[in-house]
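This briefing goes through one protein chain by topic, from its overall make-up to single residues. Please keep the sequence and the model at hand while reading.

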Amino acid sequence: MSALIVTRAPRRPARGWATLKTGAALAALVLGLGLAGPLAAQSVFGDEDQASGMPSLTGMPGAMGVDMGVTALAPEAEALASQPMSDRTPVPPNPAALTPDANVTLPGTARPDDGGTAATVLADNVQLQGDQTLIASGGVVVWYQGSRLIASRIVVDGASGDLTIEGPIHLSQPGGTTAGADADPADPTDNAILIADSAQLDRELRDGIILGARLVLARELQLASTRLERREDGRISELSDVVASSCQICAENPTPLWEIRARRITHDAETRLITFDRPQLRAFGVPLAYAPFKVTAPDPTVRRRSGFLRPEVRTTSGLGFGVKLPYFQTLGDQADLTITPYVSLDRTRTLELRYRQAFANGATEWSGAISRDDLDPGETRGYVFGAGQFALPRGYRLGLQVQTASDRAYLLDYGITDADRLWSGLSLERVRRDKMIWGRVGNYNSLREDEDNATSPAQVADVIWMRRVQPRVIGGEVLLEWSAHAHRRPSDDDQIGRDVARASVGADWRRSQILPGGVVAAALAGIDADLYRIAQDDRFDDVVTRVDPQVGVELRWPLAGSHAGATHLVEPVVQILYSPRGRDDDIPNEDSRLIEFDEGNLFSDNRFPGSDVRETGLRANIGATWTRIDPTGWSLGLTGGRVLRARDADNLDADSPLGGSASDWLLAAHYDSGDGLAIANRALFGDDFAISRNELRVGWLRPDLQLSAGYIWIDRDEDEGRDIDASELAGNLSWQIARGWWGEAETRYDFAADRAQRAALRVAYRNECITVETGLSRRFSSSDLLRAETSFDLSVRLGGFGMAQDGPGTVARRNCMR
């Protein structure tokens with residue numbers, strides 16, 4: 001794991017030894033997986049594979065934090081954002097920021113003595129000779145300034161204080177801790193450990209010569225040698241004729257899975273670097289690689305350091321066999337740069353770049369690539385994605401996003417994202433308990449073949465202000481809203497180049513009262529007013545105004561009871577609303593073409609998602625909910641209802657689920673087992689029980705199993721742009737195959753077209769010293785601009801070099817038979 005760290009300098013220096021708790025507003029951006037070599041990581045905006053927990057490969061679906069197509073019920077719900085609208089463009093999560101709790105030593109200060117100058121010796125037999133030479137034997141334990149020495153016999157020279165030690169020797173915390181931020185200073189096993197046959201050390205237990213030595217760093221990497229020399233107050237440990245490995249080594253079979261042999265290995269406890277002199281890499285005792293020069297790598301406690309990251313092998317049907325070799329360059333504690341050449345057997349020459357920077361009030365990340373390949377000969381292809389979040393005074397938050405690509409096929413060919421619409425722009429928001437301000441302005445770029453950017457709303461701006469107040473005179477609660485929207489099409493042609501601007505104000509009042517018998521009654525009232533400016537469309541007036549008042553009443557009767565230890569909750573609801581009728585034919589419908597009808601908006605005064613169309617007339621929302629909570633932990637909930645109208649709906653097609661004088665019936669069921677299994681089903685059907693929509697979602701979360709699957713059926717609707725029925729299955733499955741093995745499968749199948757859209761299988765193996773990740777994916781969809789593609793990815797990480805993030809499932813360990 002790597003981090004970008006921002007620290008503030010103290011206002012004034014302190015005298016002597018001082019420890020400061022630095023408190024920058026943004027201190028660390030927690031990043032992804034430790035790699036073989038100096039560390040970089042995944043997105044600056046958090047984990048990339050939250051659904052499965054398995055690190056993604058850049059050539060697989062789901063890379064760069066993209067939704068992997070999971071439409072099923074999520075056992076672990078994502079945090080709700082304050083963004084009041086969604087446009088289905090890829091939006092990176094907010095930067096993962098935290099305030100540091102770091103100890104900072106001021107320059108020019110000296111660390112005080114931790115444990116005093118006296119040593120504590122515990123032994124079966126202690127002798128003090130006339131020349132003040134101390135001889136201790138039999139179960140000797142020495143504590144001195146945070147170090148602990150265990151040996152069979154020690155001789156302390158009376159004149160110099162040097163120690164002659166006979167083994168077996170166990171020295172914990174030699175020269176200070178190197179275990180990193182998560183180590184427990186009181187636990188010697190969290191620090192460097194030295195095991196040896198014999199030693200000559202100074203009185204500080206730091207410098208000297210050690211024979212038959214084995215140095216264990218952070219309980220991960222073992223360095224075994226015939227001779228170890230320690231100098232510079234224990235900072236430098238130089239081992240001769242040495243073998244290094246993070247694999248468990250058995251006495252019966254001392255050959256590890258992998259090992260690095262070198263003439264000399266030097267470990268610097270201050271810089272936490274390991275230098276190999278002419279290393280040789282072996283697997284199962286067989287030499288694989290040799291470097292006739294010195295190689296430097298971080299020890300297991302390093303989070304960030306410049307250097308090469310683990311390479312990745314990527315093979316696709318379009319680009320052939322290729323290799324990525326990223327190089328990570330730190331630019332101080334606040335920024336870093338990753339450069340990744342990608343070469344694929346003369347099929348592509350690609351250079352990928354990623355830049356990240358953390359500030360005291362925010363963070364930003366920019367990634368991009370430029371390619372010349374055989375898929376589009378003679379063309380330069382590429383993309384640039386950038387994002388940032390910044391905290392402003394008075395609680396405001398500023399967001400920045402830039403997304404551009406040469407073509408959609410490039411994003412798919414190189415495994416970047418499967419998004420087909422991109423958005424670039426600025427956003428500003430502030431959310432309080434009783435007030436919200438939100439706005440954004442930007443540009444949309446569609447990558448779809450059937451959409452023309454010249455005739456699609458490209459430049460879009462939105463502003464929303466909402467305030468909740470409790471008036472004393474009339475009581476209840478009032479929600480005030482002011483909003484503005486504008487979009488522009490680049491085309492200057494009439495009708496297809498229509499530009500629209502809208503300003504709206506609204507107020508909704510609600511007051512509830514508990515009546516006799518426990519019935520909850522509520523009075524509802526509201527008014528919305530809009531001013532439209534319509535340009536480049538001769539079918540509409542240039543300026544249009546609209547005012548929609550609304551009144552209503554609501555009755556709820558919540559009932560609760562128990563039977564056989566289970567709690568039952570029942571609540572029938574009747575909501576009657578009225579607003580003047582009207583079809584809004586003088587306003588173009590730009591934002592309310594796709595309408596959802598579910599248990600979330602069954603009792604809503606307006607089910608249109610935008611402002612261009614509103615529900616009108618006299619109507620009644622009726623329904624009921626029932627919930628059973630079992631004492632063993634599981635629960636079951638049912639919600640049913642429909643919408644009744646005095647006359648056919650003005651702004652809804654008669655064949656739609658909400659159209660006509662009566663909507664389809666809504667029936668929704670939710671089941672929660674209490675131990676990770678969740679099932680939800682939602683269906684819309686008419687009086688003849690003909691189903692128009694049905695959605696089934698299943699989620700199951702256990703330590704060894706993660707399932708998320710969904711099936712959806714929707715009748716065709718030309719008004720919503722569906723000429724054929726939609727019938728689709730999507731699912732993600734992650735499971736513990738065996739100890740150390742973690743698998744993930746993904747599929748999306750279109751039953752209406754009778755073909756798969758995509759499928760993927762990924763497998764990871766982890767033990768104490770190596771991590772292997774591989775994946776095979778297939779995209780079946782193809783068109784004039786897109787091609788079907790199969791890709792295969794492979795990456796290997798050796799443990800013990802740089803700090804790594806734990807993966808899902810268990811870790812396989814070698815068994816030593818006794």
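Leaving aside its neighbours within four places in sequence, with which residues is His 485 in contact? With contact meaning heavy atoms within 4.5 Å, His 485 touches Val 460, Ala 461, Asp 462, Val 500, Ala 501 and Arg 502. The model is a predicted one, in which local features need pLDDT of at least 70 and side-chain atom pairs count only at pLDDT 80 or more, while totals for chains, interfaces and linings use all residues. Residues are numbered from 1 along each chain as its sequence is written, and side-chain values use heavy atoms, with hydrogens and water left out.

**Overall make-up**

- Of the 818 residues in the protein chain, 43% are buried; buried stands for under 20% relative accessible area, exposed for over 50%, and partly exposed for values in between (1.4 Å probe, protein chains only).
- Among the contacts in the protein chain with a separation of 6 or more, 51% are made by residues 24 or more positions apart.
- The accessible surface of the protein chain is about 40400 Å², and carbon and sulfur atoms hold 56% of that area; such areas come from the Shrake-Rupley method with a 1.4 Å probe, and for residues only the protein chains shown count as cover.

**The surroundings of His 485**

- His 485 is part of strand β32 (residues 477-488), and its relative accessible area of 17% is the reason why His 485 counts as buried.
- The C-alpha atom of His 485 is separated by 4.6 Å from that of Asp 462, although the two residues are 23 residues apart along the chain.

**Cavities**

- Rolling a probe the size of a water molecule over the atoms shows where empty space is left.
- The whole structure contains three cavities of 30 Å³ or more, a cavity being a set of points, on a 1 Å grid over the protein atoms alone, where a 1.4 Å probe fits but cannot get out.
- The second largest cavity holds about 40 Å³ of space, a volume being the space filled by probe spheres set on the grid points, which are joined across faces, edges and corners.
- Phe 608, Arg 614, Glu 615, Thr 616, Arg 645, Ala 649, Asp 650, Asn 651 and Leu 652 line the second largest cavity, and lining residues are those with an atom within 4 Å of a point.
- The lining of the second largest cavity divides into three nonpolar, two polar and four charged residues, with Ala, Val, Leu, Ile, Met, Phe, Trp, Tyr, Cys and Pro counted as nonpolar, Asp, Glu, Lys and Arg as charged, and the others, Gly among them, as polar.

**Salt bridges**

- Side chains of opposite charge can pair when their charged atoms come close.
- The whole structure contains 56 salt bridges, each a side-chain nitrogen of Lys or Arg within 4 Å of a carboxyl oxygen of Asp or Glu.
- Arg 682 and Glu 599 form a salt bridge in which the closest N and O atoms are 2.7 Å apart. This pair links distant parts of the chain, 83 residues apart, with Arg 682 in strand β41 (residues 677-685) and Glu 599 in the loop between β37 (566-579) and β38 (617-629).
- Within that pair, Arg 682 counts as buried at 17% relative accessibility, whereas Glu 599 counts as partly exposed at 21%.
- Arg 758 and Glu 746 meet through their side chains in a salt bridge (3.0 Å, N to O). The pair links distant parts of the chain, 12 residues apart, with Arg 758 in strand β46 (residues 755-766) and Glu 746 in strand β45 (residues 741-750), and both Arg 758 and Glu 746 are buried.
- Arg 716 and Asp 725 also meet in a salt bridge (3.7 Å, N to O); Arg 716 is exposed with a relative accessible area of 55%, while Asp 725 is partly exposed with 22%.
- A network of salt bridges links Asp 373, Asp 376, Arg 381, Asp 407, Asp 413, Arg 779, Arg 787 and Glu 789.

**Backbone details**

- Gly 167 and Pro 168 are joined by a cis peptide bond with omega of about 5°, and Pro 168 has its place in strand β10 (residues 163-172).
- Arg 219, although not a glycine, has a positive phi of about 60°; Arg 219 is placed in the loop between β12 (208-217) and β13 (221-231) and is exposed, with a relative accessible area of 57%.
- Ala 564, although not a glycine, has a positive phi of about 55°; Ala 564 lies in the loop between β36 (559-563) and β37 and counts as exposed at 71% relative accessibility.

Key
On a 1 Å grid over the protein atoms alone, a cavity is a set of points where a 1.4 Å probe fits but cannot get out, and a pocket is an open set with protein on both sides within 12 Å along at least five of seven lines; lining residues have an atom within 4 Å of a point. Helices (H or I, at least four residues) and strands (E, at least two) are DSSP runs, numbered from the N terminus.
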